[in-house]
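Open the model in your viewer and keep the selection tool at hand.

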There are 2 protein chains.
Amino acid sequence: MRRHLFALLATTLCLGAAPLSPADIVAGAPAADWRTLDPANLLVMRLPAGTVIIELAPDFAPHTVANLKRLAHAHYFDGGWIVRAQDNYVVQWSQDGPKAKAEASHPGYAEFEQPRRASFRPLPDADAYARQAGFDGDFPAASGGAREWLVHCYGMVGAGRDVAPASGSGVELYAVNGQAPRHLDRNITLLGRVVSGMELLSSLPRGSGALGFYEKPAQRTRILSVALASETPHAPRLQLLRPDSASFQAYVEARRNRRDAWFARPAGHIDVCNIPLPVRTAK
Amino acid sequence: MRRHLFALLATTLCLGAAPLSPADIVAGAPAADWRTLDPANLLVMRLPAGTVIIELAPDFAPHTVANLKRLAHAHYFDGGWIVRAQDNYVVQWSQDGPKAKAEASHPGYAEFEQPRRASFRPLPDADAYARQAGFDGDFPAASGGAREWLVHCYGMVGAGRDVAPASGSGVELYAVNGQAPRHLDRNITLLGRVVSGMELLSSLPRGSGALGFYEKPAQRTRILSVALASETPHAPRLQLLRPDSASFQAYVEARRNRRDAWFARPAGHIDVCNIPLPVRTAK
């Protein structure tokens, strides 16, 4: 990786051009470095203000994701509500009424961590919360040796739970809307990541009740529908800059050491949660 | 600090009560652990939706803060605009028209770091971006040995600048609205922190232009006024949980290792930007 990057930087310098910014690298990434996301792993959540798309992580939370796919197939969340927006923490949504009652006895899961996978790619940088942090598949992850887990970066989506660890079944979901609450890592099941429309969730008015819950029903945002992209006509086709691609590696390095003109001092380090995974609409 | 905390935990255990949550510790902090913030160091920004209050950091950015106080005294920002809201990055505001023109030739400053102060209190935890991170005075800070600087946590406020490092004078301000963009540390002047009303800035609709700038004037939010609290009738009196107090130390420890009932696994670590500085309205 380092050799590739030095070569790339050297080429840039020899041409006399300004160093590439992270955005330049993403814009110039070849088609082979992008991968179309599987519509069977994408949730399409329609809100009055627009559409939020969530990529699911069945490799990390197989039971919770399977249950969530069942719920989406049954249109469980249609007519539900965003019930909570706590500043610099999470936005949360769920269903109420008879639908919620019907799922209340469903068992939950505690898919907090798993054996470390060969596909885990650690960053060289120190992480405040884990021995290593990096990426695995399409998600930010961390490892402490033999174990591995998804981490609570901005936009990550998890299954709310009760006090009992294995009580989250996917009927109550949350998305991180601020500084990564990494103390939640390995305490709750992360099952995916918002890949489009996060700004619709992050810009919601904050709830004035405890933990950011809305105190009046009228303050909640209606969920028009939640369905799998594979079951949604005209769902957008999204592509991810493959985290195992050379372009992604160059992008990470450019974010670690910003050399575009504005920067006076490259940081020399990067936090895993400061590396948004680039997503675009398929051309 | 550790001895104090163990004593506190032991007391809790002996009483058979549940361990204190961070919120419990803040709620129970004695009056002596709170300090009323100096109204001469508070900016009161009135927006149509409510009031944002910013604590200034003259110890860290003396020239920029002095200039900003001059601007506030002259009501420079009254009638200005929030011109930018970039998701998971910053909200930015400024003035336009003749007022902006009159300040255009004012010299800027590059108050990015300073000699390390004796009052810097490092956390024991690793930091991804600096040798040490912790608190100094009322602000999150980091140090790399002999130098010290404020860090870009959620809610921190800085002076926007041009490509020239010393081009920020305080006429263009920004606040961090997402994951701490620590790569900006030591690249731009931080001059304070939102201590009340951050949710009014973070919930603004994101701008659809490049870098989150609003593309149409009508999308911007009007700034009704910006004035020093010391020059504002009926400005709220705010108190900060003193970062050098025993209560704050217990609060940090409780955030590092959440032992309230819901948590299955205390993190054992904390990131400086995951320790919001508790502020309340004076009783």
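A residue counts as buried when its relative accessible area is under 20%, and as exposed when that area is over 50%. Keep these cut-offs in mind; the model is predicted.

Stop 1: Select chain A and colour by burial. Of its 283 residues, 56% are buried. Now switch to the surface. Chain A exposes about 11,600 Å². Carbon and sulfur atoms supply 57% of that area.

Go back to the cartoon. What does the secondary structure of chain A come to? Count six helices and 17 strands. Next, show the C-alpha atoms alone. Along the principal axes, they fill a box of roughly 65 × 40 × 35 Å.

Draw the contacts in chain A. Take those with a separation of 6 or more: 72% of them join residues 24 or more positions apart.

Then colour the charges. Chain A has 31 positive and 26 negative charges. Their mean positions are 2 Å apart.

**Stop 2: the two chains together.** Bring in chain B.

Select the interface residues of chain B. In chain A, 100% of them are interface residues too, so the copies meet through the same surface.

**Stop 3: helix α6 of chain B.** Select residues 246–256 of chain B, which form helix α6. Is this helix mostly covered or mostly open? Mostly covered: ten of its eleven residues are buried. Step along the buried ones: S247(B), F248(B), Q249(B), A250(B), Y251(B), V252(B), E253(B), A254(B), R255(B) and R256(B). Charged side chains are on that list, including E253(B) and R255(B).

**Stop 4: a loop glycine.** Centre on G145(B). This residue lies in the loop between β9 (139–143) and β10 (147–150) of chain B. G145(B) is partly exposed, because its relative accessible area is 29%.

Which residues does G145(B) touch, leaving aside those up to four places away in sequence? Show R116(B) and R131(B). Finish with a distance from G145(B) to R131(B). The two are 14 residues apart in sequence, and their C-alpha atoms are 7.4 Å apart in space.

Technical notes:
Residues are numbered from 1 along each chain as its sequence is written. Chains are lettered from A and ligands numbered from 1 in the order in which they are written. This is a predicted model: local features need pLDDT of at least 70, side-chain atom pairs count only at pLDDT 80 or more; totals for chains, interfaces and linings use all residues. Side-chain values use heavy atoms; hydrogens and water are left out. Helices (H or I, at least four residues) and strands (E, at least two) are DSSP runs, numbered from the N terminus. Buried means under 20% relative accessible area, exposed over 50%, partly exposed in between (1.4 Å probe, protein chains only). Contact means heavy atoms within 4.5 Å. Accessible areas come from the Shrake-Rupley method with a 1.4 Å probe; for residues, only the protein chains shown count as cover. The place of a charge is taken as NZ of Lys, CZ of Arg, CG of Asp or CD of Glu.
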